[in-house]
Amino acid sequence: MNELDERKLKILQSIIRNYLETGEPVGSRTISKFTDLNLSSATIRNEMADLEELGYIVQPHTSAGRIPSDKGYRLYVDTMMEIKDQEVEDAKSILIEKADRMESMLEQMTRMLAANTNYAALATTPTSRTRKVKFIQLTEVDETQLLAIIVIEGNIVKNKIITTQLQVERETILKLNILLNTFLQGLNLSEINLDLIQQIKQNSEGFGSVVNDVLDAIAQAISEEDKIRVYSSGATNILKYPELTDRDKISDLLYTLEEKKELAELMTKDTSERNEIQVYIGNETTMESMKDCAVVTATYELEDGVYGKIGIVGPKRMDYERVVAALQTIRNQLDDLYKQ
């Protein structure tokens, strides 16, 4: 790597990325459009000649562009892996720290809301349905097993063991890593369509089943992160309001507040109305146990469109002005605390 300056390295990376996408030898004119180096075709040809002399690219036949050699692939992968390995380690520590901090904050916020309003308070964990793939790394475990490390937006790291019917050579694993990252980096699930999958498989050297397993692992990783957890506090505050303490109804209401599944569904409604206050009165909640209640929710949004909700449950005669003010304050505090 020391024998290549930054310009040669960028040109090599451009050749490899372009070749992976097209499968065609890459010429100097293509590179001049593909990089941000603002170099002439003549200068790029000279640099490509140096890269060829050093063994990083080869010319398959006269008057053709260049394609990466195994040495070029190796440098590209090693450089990428060195950066990404550090990102994975950083992501793990950030994830643990932020997850612990967020859980603690949500618990504190719900207790504070319940105490300040004398109603029941709720909060959901932040989530995003448009998480993007940041990085994929395949590593050999044994002759028939690969470890897929998948990093998705929000610095979420997931591992999955993939069993293959065929032995995957080390060089093939390296090329699959480049292929998968070239095509999938920066995409969310909705953007990974059939045409794209077909392109990846066509370039996967007969290992389309591995590609399928990696895509399944990505979908699973994203769906797991989209599962909503609900924190609650102050359920017993409901007992202070006579209209909610009917003997035949109170047990169902308390069960709803403690069981939380239906609350999670309610709290994730109307997610398109971000940062807006939502008010559900009586039957608008669609829950029989809460037909005598009102629910007010507010959305808090973190970086990269990751968001969650906080809410208050009380009688229909709740102090709406006070509740809305409390939710707005807590929402702002959550945003400020999370980004510190």
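Start by selecting Arg7 and Glu47: their side chains meet in a salt bridge, 2.7 Å from N to O. Arg7 sits in helix H1 (residues 6-22) and Glu47 in helix H3 (residues 41-53), so this contact ties together parts that lie 40 residues apart in sequence. Keep in mind that you're looking at a predicted model.

Together with Arg7 and Glu47, they form one network, joined by salt bridges that share partners.

Next stop: Glu140 and Arg170. Here the side chains meet in a salt bridge at 3.8 Å, N to O. Color strand S4 (residues 133-142) to find Glu140, then helix H5 (residues 170-184) to find Arg170; the two residues are 30 apart, and the pair links distant parts of the chain. Glu140 is partly exposed at 32%, whereas Arg170 counts as exposed at 55% relative accessibility.

Now jump to Asp292 and Lys249. Their closest N and O atoms are 3.4 Å apart, in another salt bridge. Look for Asp292 in the loop between strand S8 (277-281) and strand S9 (293-301), and for Lys249 in helix H8 (residues 247-259); they're 43 residues apart, so to speak a link between distant parts of the chain. Asp292 is partly exposed, with a relative accessible area of 26%, and Lys249 is partly exposed too, at 38%.

Conventions:
Residues numbered from 1 in each chain as written. Predicted model: local features only at pLDDT ≥ 70, side-chain atom pairs only at ≥ 80, totals over all residues. Heavy atoms only, no water. Salt bridge = Lys/Arg side-chain N within 4 Å of Asp/Glu carboxyl O. Helix = DSSP H or I, 4+ residues; strand = E, 2+ residues; numbered from the N terminus. Buried < 20%, exposed > 50% of the residue type's maximum accessible area, 1.4 Å probe, protein only.
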